[in-house]
Amino acid sequence: MLAATASPALAQYRMNAAEESGSPFRVSPPALPQTPATAPQPDQLHTQGRACEGCPRRSVGNALLDELLINVLYGSINLARGQVTARITPKSWWNNMRSGWEWDLDDFTVNQFGHPYQGNNYFNSGRANGLSFWESAALTAFGSGTWEYFGETNRASLNDFINTTMGGIALGETFHRVAWLIRDPQATGRSRTTRELAAFVVDPVTTLRRVASGDASRISERPTGMTPSSLTMSGATGVLWRGSNLEELEASTSPFLEINILYGDSILRTERPYDRFEARLDLGGGAGVSELGLRGDLFSSRSSPSGLRKSLMQGYQYTSNSLYRFGGQSVLAGVSIEQDLGSRFSWNASGTGGVTVLGAVDSLPPGEIIAPPDPDDSSPGQGVSTGPRNYDYGPGGGFGGRAALLFDGRTLVAVSYDAQHLYTLDGVLANHLLQRARATATAPLRGRLGLSVTLEYFDRQTFYRSPADPDAHFHFPQVRAALTWSAE
Amino acid sequence: MKGWRRRVLVLAVAASASSLASMAHAQTTTPTDGKHPYVGIGSSFTAFHAECCDREADGEHKGAALVLDGGVTLQRRLDLGARLIWTPAKDDGGDTLNSTALLVVAKYRFWPSRGFFVSGGAGMAWMTNALALIDEPSPPARAKGLSVELAAGWEWRLHRHFGIQAFGSQHVIGLGDLPTQIPGESLDNLIINYWSAGASIVIR
């Protein structure tokens with residue numbers, strides 16, 4: 001369950017609370033432009049090529065150069081690792097252009113997280129050089145296309161192109177904004193250095209460009225749009241018990257850490273893409289990274305007097321649990337509502353539905369109960385996966401909803417449901433339906449701490465397109481007990 | 001190639017030649033500012049090639065394709081819209097090999113005062129008799145799949161609301177695994193790659 005949203009009254013409360021608390025996640029008031037007497041005038045900014053006083057100098061040429069350097073860097077790393085696919089020549093470029101696209105056989109994590117991460121670097125080569133979100137999105141597609149054709153000797157992969165481009169945009173803008181939460185361009189000395197270095201971990205491309213341009217040491221405002229109208233972070237750590245209805249899958253208990261970020265207010269109209277986004281990261285709980293989910297507003301209406309808001313969102317999902325692995329790039333339409341219930345209580349609810357442009361889910365061959373694991377690479381370091389690839393690719397759709405009851409801006413009870421359908425194009429001929437429901441109750445303790453119990457239910461159905469194969473249906477429950485904290 | 005297809009191709013070439021002639025004028029023309037809709041119609045010469053599993057079709061098929069565009073210019077550098085690519089073709093045996101791709105496409109101009117653009121898109125595609133491409137006997141059937149396109153080209157603005165563009169593109173249709181006539185058997189991972197060069201008229 002992603003973090004809850006705020007009503008107008010609650011938003012004001014949050015802002016006041018953040019101001020008073022001195023929270024490390026405190027944000028600056030959004031509508032108070034700080035214009036020092038020495039601030040450059042618009043004419044000067046134009047001369048400098050900056051859209052705002054704290055914005056980077058705009059340069060399409062430098063963005064393309066950075067993108068080229070990123071491709072060279074990735075290629076050099078592959079070459080240093082001895083991968084044959086890195087030995088590119090003009091002949092391999094021509095062959096790739098002549099041969100066209102194919103589905104590749106790389107493992108799930110490489111394709112569903114590795115490629116989006118690479119795309120995030122392309123995206124931020126645009127953002128670091130003053131390009132807008134949409135321009136950087138185009139640059140991501142360009143970087144992805146050039147890498148697929150010219151960065152490796154093996155053929156261009158259409159699943160990589162989609163994952164790198166769409167996933168790169170989602171991760172890129174999220175990382176870019178999170179890095180700007182860390183940076184303080186008005187700080188000096190050790191504090192400034194520490195923050196710039198910390199931001200490097202999240203968004204290395206922007207940080208390196210800032211160092212190269214001198215912006216890393218320049219005193220300025222934050223770039224326009226990089227200060228969220230509100231910010232809520234919450235976390236939970238504890239133990240997770242997973243049940244099973246399968247003999248092949250034993251019940252287990254494992255530790256986990258969950259982090260949620262709600263960036264931006266749900267009241268205001270989205271001026272720029274990702275002015276509001278939700279992010280969730282789960283570590284542990286049966287996998288190293290068991291969940292990474294992002295949803296960012298591309299367009300949205302302002303909240304109506306009744307609290308209703310409509311939005312068009314981009315989604316990125318990476319899920320790995322004992323029953324299935326799922327990764328996908330989606331575009332979603334959503335409606336949400338939030339209202340006050342007295343002075344301290346409020347509630348919110350939202351519903352989404354949309355298209356999964358390309359999703360991946362574990363293959364479940366007919367008669368199998370557990371999806372086969374990724375094969376060991378018989379030629380490690382060669383850079384060419386020979387398969388088999390034990391997950392299916394295809395487009396699909398999804399829908400879901402969530403609702404929460406809040407007290408002083410903190411979630412007391414939350415419920416959610418998500419369903420994901422995937423039509424296999426490449427893999428085992430089937431339709432997959434993945435569902436999960438979740439309910440969380442949190443008891444506030446001292447300060448920002450709380451105790452929570454979460455009940456989850458995962459369900460997987462696979463409908464084979466061959467009538468001779470019976471459908472597969474598996475499910476399991478999951479319970480989490482955790483210590484929670486939240487910051488605004 | 002049928003006569004009408006040849007005519008379409010000739011028209012496409014003529015449009016390209018005409019647009020080259022207007023290059024000097026158009027390169028200094030800046031696209032209209034602000035959000036506004038656009039539509040485009042054009043044609044391309046297309047070669048395509050199919051492969052799957054351990055099979056590869058012999059040679060390439062060639063034909064003319066119809067390209068329709070519609071969308072919104074979001075800013076001076078960026079268009080966002082839909083593209084329909086219809087590629088009718090027949091193989092030597094007379095089997096119809098028509099394909100239709102419907103894509104969401106973004107077009108980006110790195111330099112708004114120049115005509116150069118790149119575009120990329122993704123969407124759905126449908127193909128008739130796809131198995132005939134790899135000589136697998138099958139009854140006539142339509143298969144659907146995923147399509148991705150990358151393109152680059154140059155647009156010459158002849159008038160504030162009117163332009164001509166020449167482009168080269170590569171698009172792919174991934175049809176996935178298709179069942180054959182033999183029960184329980186499928187041909188895995190059928191992919192059809194298209195290479196196109198063409199021209200279109202754009203009205204903004």
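Reply: A salt bridge is a side-chain nitrogen of Lys or Arg within 4 Å of a carboxyl oxygen of Asp or Glu. The model is predicted: local features need pLDDT of at least 70, side-chain atom pairs count only at pLDDT 80 or more, and totals for chains, interfaces and linings use all residues. Residues are numbered from 1 along each chain as its sequence is written, chains are lettered from A and ligands numbered from 1 in the order in which they are written, and side-chain values use heavy atoms, with hydrogens and water left out.

Me: Why is the meeting of A:Arg155 and B:Glu51 called a salt bridge?

Reply: The N to O distance between the side chains of A:Arg155 and B:Glu51 is 2.7 Å. The limit is 4 Å, so the pair A:Arg155 and B:Glu51 qualifies. Between chain B and chain A the count is two salt bridges.

Me: What makes residues of chain B and chain A count as being in contact?

Reply: Contact means heavy atoms within 4.5 Å. By that rule, 25 residues of chain B touch 32 residues of chain A.

Me: How do you know what area chain B and chain A bury between them?

Reply: Buried area is the accessible area (1.4 Å probe) that two parts lose on being put together, summed over both. For chain B and chain A this comes to about 2500 Å², with 67% of it on carbon and sulfur atoms. On the side of chain B, the residues that lose the most area to chain A are B:Phe110, B:Leu146 and B:Leu150, together 22% of what that side buries.

Me: Why are strand 7 and strand 8 of chain A called a pair?

Reply: Strands (E, at least two residues) are DSSP runs, numbered from the N terminus. Two strands pair if DSSP finds at least two bridges between them. Strand 7 (residues 308–320) and strand 8 (residues 325–341) of chain A have 13 bridges in the antiparallel sense, and therefore meet the rule. One of the bridges joins A:Tyr318 to A:Gly327.

Me: What makes strand 8 and strand 9 of chain A a pair?

Reply: Strand 9 (residues 345–362) of chain A pairs with strand 8 of chain A over 16 antiparallel bridges, and A:Glu338 stands opposite A:Asn348. Their hairpin has three residues between the strands, and A:Gly342 takes a positive phi near 90° there.

Notes
Helices (H or I, at least four residues) and strands (E, at least two) are DSSP runs, numbered from the N terminus.
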